[in-house]
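Dear colleague,

I am passing on the structure below, together with some notes on its helices. Please read the notes with the coordinates open beside them.

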Amino acid sequence: MKEWEKNIRKVTPYIPGEQPKMDYVVKLNTNECPYPPSPMVEQAIKDLDYKRFRLYPDPDATELVRAIADYEKVPEERVFVGVGSDDVLGMAFLTFFHGEKPVLMADITYSFYDVWANLFQIPFETIPLNAQLEIVPEEFCRENGGVVFPNPNAPTAIEMPLSQVEKIIRKNQDVVVIVDEAYIDFGGTSALRLTEKYDNLLVVRTFSKSRAMAGMRIGYAIGSETLISALKAVKFSYNSYTMNQAAMAAGIAAIRDEKYFNQTIEKIISTRERAKKVLSDFGFFVTDSKTNFLFATHKTMEAKDIFEQLRDRHIFVRFFDKPRINQYLRITIGTDEEMEILYQALREILK
Ligand code: PMP
């Protein structure tokens with residue numbers, strides 16, 4: 001090893017779901033929305049004046065922040081935006097988890113959390129989910145340097161009731177608690193209003209799933225003014241111009257079209273509820289998903305085997321080769337037509 005190589009930061013990066021380069025039949029592996037964004041987004045993109053691209057974007061993303069604040073009914077000072085919720089969460093780890101005590105996270109959860117903790121050299125402790133793959137709130141009540149969990153959790157898809165979320169927050173008022181609500185719009189109950197009661201609570205949301213804009217990279221956080229100004233200070237110490245002009249315009253259009261948003265959610269939930277039944281009939285155990293994906297294990301067939309046989313048919317789902325969940329598949333809810341293709345393939349595979 002050369003001398004300079006010793007100074008390279010050693011990290012194990014997060015591995016996102018595969019973006020297939022080959023022609024695929026059905027892509028149900030990265031929890032994208034199967035429907036396009038609101039038609040208002042199309043118009044907003046058409047209305048962009050490319051000549052303005054020579055200018056830097058608004059570093060405060062003022063108009064997008066205002067649109068989100070209006071929608072969420074909070075003051076603008078309580079909104080922070082970023083390049084997808086990954087950017088917002090990464091920034092929140094860097095800002096709020098700066099102590100010596102371990103940050104608490106579930107053993108089975110969004111696999112970016114421990115990556116950020118390692119990158120930023122944040123001590124952390126993982127708390128096992130129970131046998132039903134649920135977060136146990138009491139376990140999050142020990143001494144710590146911060147708490148982070150998604151609700152609903154990923155990849156289990158299971159929602160924790162708001163009363164239990166509040167219990168975790170109530171018992172952890174000396175640290176920052178981050179609730180990652182990437183999937184909350186698919187039937188969950190948000191902790192957002194609790195930010196009025198607890199100034200140490202940060203709720204993180206994304207436009208990637210329910211607003212069908214994973215490709216635009218828009219995420220946001222709502223919290224007390226103190227939390228938001230701390231986030232801004234760190235962001236402006238790193239990169240001022242995170243949000244580009246097109247993403248901001250698209251985001252404003254999307255969040256204003258509540259009707260389209262509700263229609264999309266309704267379609268996904270109805271497809272999901274049917275998918276739960278179909279997969280159960282096929283011999284899968286499926287967790288009670290409140291997200292846009294299912295987490296399912298087959299009673300007899302190996303998950304990896306099903307995953308590979310689906311892949312051979314150019315149908316992509318997600319398989320995690322990790323302890324406790326290596327018999328599960330995570331299947332994003334597609335359109336009804338896409339799901340029919342999946343069901344037909346599963347009928348053949350499970351024969
Ligand atoms: N949180 C959870 C739980 C997720 O599953 C994802 C999607 N990978 C994200 C955050 C990040 O999504 P995005 O950066 O697209 O907003």
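Just after helix 9, histidine 314 adopts a positive phi of about 60°. This is a predicted model, in which local features need pLDDT of at least 70 and side-chain atom pairs count only at pLDDT 80 or more, while totals for chains, interfaces and linings use all residues. Residues are numbered from 1 along each chain as its sequence is written, and side-chain values use heavy atoms, with hydrogens and water left out. Helices (H or I, at least four residues) and strands (E, at least two) are DSSP runs, numbered from the N terminus.

In helix 9 (residues 303-312), Ala303, Ile306, Phe307 and Leu310 are buried, meaning under 20% relative accessible area with a 1.4 Å probe and protein chains only. These residues cover an arc of only 100° around the axis (taken from the directions from the helix axis to the C-beta atoms), which puts them on the same side of helix 9. Among the elements that cover them are strand 10 (293-298), strand 13 (328-332) and helix 10 (336-350), contact being heavy atoms within 4.5 Å.

The axes of helix 3 (residues 84-96) and helix 6 (residues 225-235), as lines fitted to C-alpha atoms over the stretch in contact, with angles from 0 to 180 degrees between N-to-C directions, come within 9 Å and cross at roughly 100°. Helix 3 and helix 6 are therefore roughly perpendicular (65 to 115 degrees) to each other.

The axes of helix 2 (residues 62-72) and helix 7 (residues 245-256) also come within 9 Å, crossing at roughly 15°, which makes helix 2 roughly parallel (under 35 degrees) to helix 7.

Best regards

Terms used: Angles under 35 degrees count as roughly parallel, over 145 as roughly antiparallel, 65 to 115 as roughly perpendicular and the rest as oblique. Buried means under 20% relative accessible area, exposed over 50%, partly exposed in between (1.4 Å probe, protein chains only).
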